[in-house]
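Look at the chain as a whole before turning to its parts.

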Amino acid sequence: MTSSGPLVRPAEVNPVLGRLVQVRCPGRSRGTGFLIADDLVLTAAHVVADAAEPGVGVEVRLFDPAKPLEMPWVSAQVVPAGTNAEELDVALLRVAPGGLSAPGVPIPAWGRIEGTGPVPVFAVCFPKAMKDDAGLDSHVVRGVVEPLQGATRFVIGEATLMIAGSIVPDRGSFDDSPWSGGSGAAVFAANTGQLVGVLTEDFKIATDASVLRFTLVAKVDGLAERAGVPQVAPVGPRRRIQWPVLVGDPPPEADSFQRRPELTELYQAFFDAKGVVVTEPAQAPVPARILSGLGGVGKTQLAAKYAWSEWDAKHLHLLVWVNASSRANIVSAYAAAAEVLGLVSEKTRDIEGAAQRFRSWLATDADREWLIVLDDVKHPGDLAHLKPRLTLRGQGRCIITTRERDPSYVAKGWEQLEINIYTARQAASYIHARLKDYPAALDDVDGLAEDLGFLPLALAQATGLIAHIAAAGGRIEGPGTCKAYRDLLRDRKQTLKKIMPYEHIDEYGVTLAATWSISIEHANEQPPPGVAARVMKLLSLLDPNGIPVTILDTEAIRAYLEVGSRQEIEAGVRALRSLSLIDCGEGSDTIRVHVLVQRAVRETAQTEPDQAARLLADSLDSLLQKQQDDRDLMQVLRSNAQKLSEQSMEALLSPQRLHHVLIQLGDSYGQAGLVHEAERYFAALREQASQTLGPDARETLKIRERGAYWLGFIGNVEAAHQEFEVLAADWARIFRPEDPDTFLARHNVARFRGRNGDPSGAVAELELLVADQTRALDPLDPQALESRGILGYWRTMAGDHDRAVAEIEELRANVVDGLGPDHPLTLTIRNDLAIARFESGDRAGAIADLESVVEDRARMLGPENVAVLSSKARLAYWKALSSDHDGSAAEVAATVDEHLRLLGDEHPNTLRAQSFLIEARAEEGDTETAVRDMSELVTRLEDILGPTHILTTHCREWWDTRTTGVANDT
């Protein structure tokens, strides 16, 4: 967060300057105000507090940057704003009619923020440190709604923002703060322009930083109504939340749970941190614990016990349980929480942004009690920039479970709690609790506990089977007592040591393999016979933290399991659950399997798992393609596909074949908004494919094609173009020039050449491609039609407008006949035809065409589809440029807001919409501000898309032209 001086004003500041007001009680106090109606000024109550004394009045004057000292001071009266206005340090001043004559700038919408940070905000004020006269210039303050640890908590009606690098006085020293004079400045949400608050206080938290507190004006009773400013939707939550909220799927509490000292320590640690008020961040107890230890010692169950007990006791407003086995899972879970809380749109594609919005909310909404459980973290690096920001008053708590003991987990005050195996006493107590209904089975409790290594997971499996046999009353053969189980376990371990690669497995692994093999024999005897073991083999290849039964419900998998229905699959799952081989809540569709049990299944398998892996891959591939609208399910499916690829890569990537699920998984990351994850995934997969299949295999080239696509999508357009050029040459060399994949690579060469700033080169490439496709393919082949369509688009971008219109019109007729009027390609070609018409000078016809495209795209694709947003932004921009339509920059600004909300601030479409807005504002006459704004945007474009991207070069050329024009006018 930075503060910027008077010469660097963002685009949104311009209308603010038109209503910026200086406020003073002559000889007493001074501050800043804002004209919110013809005769009403908004400011801070303490600025005008002296006006209550006899003989002291209030004066205001509009600020004009061109002649700041020539504007007249006008008398004003303090108006009671509401019952709690003084408490919140907000005041209204009434000016005589006609006393202030504001320029013709829009009155900002009146908004509110409800503890949702980080919301970017700005204010324009007159701090004392700027000039001795405090009237020669204004100062732009920028920050976010995000309370600082150690400074103040976020309460209803107040928020704080930090200005890094506070104002340094120009000369002299000040008895009061150098920010004095800034009080009363109106605070605006930067992305929406909504007026949301008033600067009211500043204070130091360190030698190098200042904190400004501002009051949220929408919380002042009756103030908005008195001002006559329209109320609008809040900046932040978009719906009323029904507390408490549960996000994720915590495992059910374990049977016969043993209360352990570690659980008591959790309760005590969090209790001690609650309600503590500190003055220095270093003194704050950090309410977070990392539960580490061997697999199977009960870390997840301890966390689940604490979470459910706090939830059931109604101590939590929010509980989030995260399968944290990968960074992508954590990001997706945080984004899902942001959606549930209304911090972002339900269909946002900016997953990383949504995750960070939720993370910041954790630190800002101090009125809510929350608990985050990050279960089964594999690598400390997965938590980079994702650790919850914990509050100082104990409202927020976090638990991490992990088998790692990496010291980086406990950096910055996070405390590690080692979870060990049961003590002998705890193990014996657990066995007694599990077998309390079968006293005859308790014949050798201590011996059994020792044989099982006091490992909670092994004890659960063994006692589950003993109870099952004992309950049968002799109808089932098996170990119905502790002693009988010990005898069978001893023999089974000896057998397994002969067949398992024991040098790679510890004693716990052998013990669990033995307990599993004993239990699975009995599970297999339950109806339908033999199903349990085959189900277990499938489950051993998937994500242990959550496996939907849906994955197993395909015709091919039912044939593999030798069952005829989903009901029989669920019966096999119940058999496994009854013997504690898996966890599955009553009525739940999600199965959990301990990772050590999975390993035992794989290590003792007598047959190769390749068939099972391929069947699961088929099922996951189909589900990933069909379930894209269900974000929660997609996250679970991706996690399972990732785990399957880790366990069974040889079966999915072999010299004989590349299973499509590997491609689908990578694309799924990108489609979910995890574009960097998609690019990294394909880079790693390319290395594996090159080694396994060879660099010239068709499958390897397909992986390179997807990797190049996502490389371009994250902004590295030049590198993507170069990779597609090499790829096209390789396709033609290894296969043939007429191969469909060769044509696809050439298509992408042209597309990325154009994006890289060479539209004429893109046209030349596409003309050759279309000619070759015309000879080799059917005229209505979708690939050939798409190439013709993109040729028309780039011909337009290259300036050959009339020819582009003629060619796209002919193509539209062909596509409508061949694919139908509502086909996505038809809609794309209609969109491109409208662009060509606009560029050729037919603005009215283009606007009419694009209005129809927006309507049809929204109907077919949904109102928040990327293509719909793009067409809407262009339509609003065209209307703002056209004197024949009642359009304005405000309409373009609304589409920018949609892009920011749904796509984030670095998406290429968002950046293009922002360029539309700047150009629209210039068309309305504010060229000087637009030039400054475009300069800032060009800098961002160069950083995000690269200096040669077509949008970067267009905006740079626009800026160059307008800069020259402004200089000449001057």
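The protein chain has 33 helices and 23 strands; both are DSSP runs numbered from the N terminus, helices being H or I with at least four residues and strands E with at least two. The model is a predicted one, in which local features need pLDDT of at least 70 and side-chain atom pairs count only at pLDDT 80 or more, while totals for chains, interfaces and linings use all residues. Residues are numbered from 1 along each chain as its sequence is written, and side-chain values use heavy atoms, with hydrogens and water left out.

Of the chain's 970 residues, 55% count as buried, meaning under 20% relative accessible area, with a 1.4 Å probe and protein chains only. A contact means heavy atoms within 4.5 Å. Among contacts between residues at least 6 apart in sequence, 70% join residues at least 24 apart.

Next come the cores. A nonpolar core is a set of buried Ala, Val, Leu, Ile, Met, Phe, Trp, Tyr and Cys residues joined through side-chain atoms within 4.5 Å. The largest one has 150 residues, and those with the most contacts inside it are Leu318, Phe358, Ile372, Leu374 and Leu576. Helix H9, residues 456–471, gives the most to this core, with 9 residues. A second, separate core has 40 residues, including Leu40, Phe63, Val95 and Phe122. What does Phe358 touch? Leaving out residues up to four places away in sequence, its partners include Leu318, Val320, Tyr334 and Ile372.

Two packed helices are described by the angle between their axes and the distance between the axes. Axes here are lines fitted to C-alpha atoms, for helices over the stretch in contact, and angles run from 0 to 180 degrees between N-to-C directions. The axes of H23 (residues 740–755) and H25 (residues 782–797) come within 11 Å and cross at roughly 15°. H23 and H25 are therefore roughly parallel, a term for angles under 35 degrees. Residues of H23 that meet H25 include Phe743, Leu744 and His747, and their counterparts in H25 include Ile790 and Trp794.

The axes of H19 (residues 660–671) and H21 (residues 698–713) also come within 11 Å, crossing at roughly 5°. H19 and H21 are therefore roughly parallel to each other. On the H19 side the contact is made by Ile663, Gly666, Asp667, Gly670 and Gln671, and on the H21 side by Ile703, Arg706 and Trp710.

Technical notes
Buried < 20%, exposed > 50% of the residue type's maximum accessible area, 1.4 Å probe, protein only. Parallel < 35°, antiparallel > 145°, perpendicular 65-115°, else oblique.
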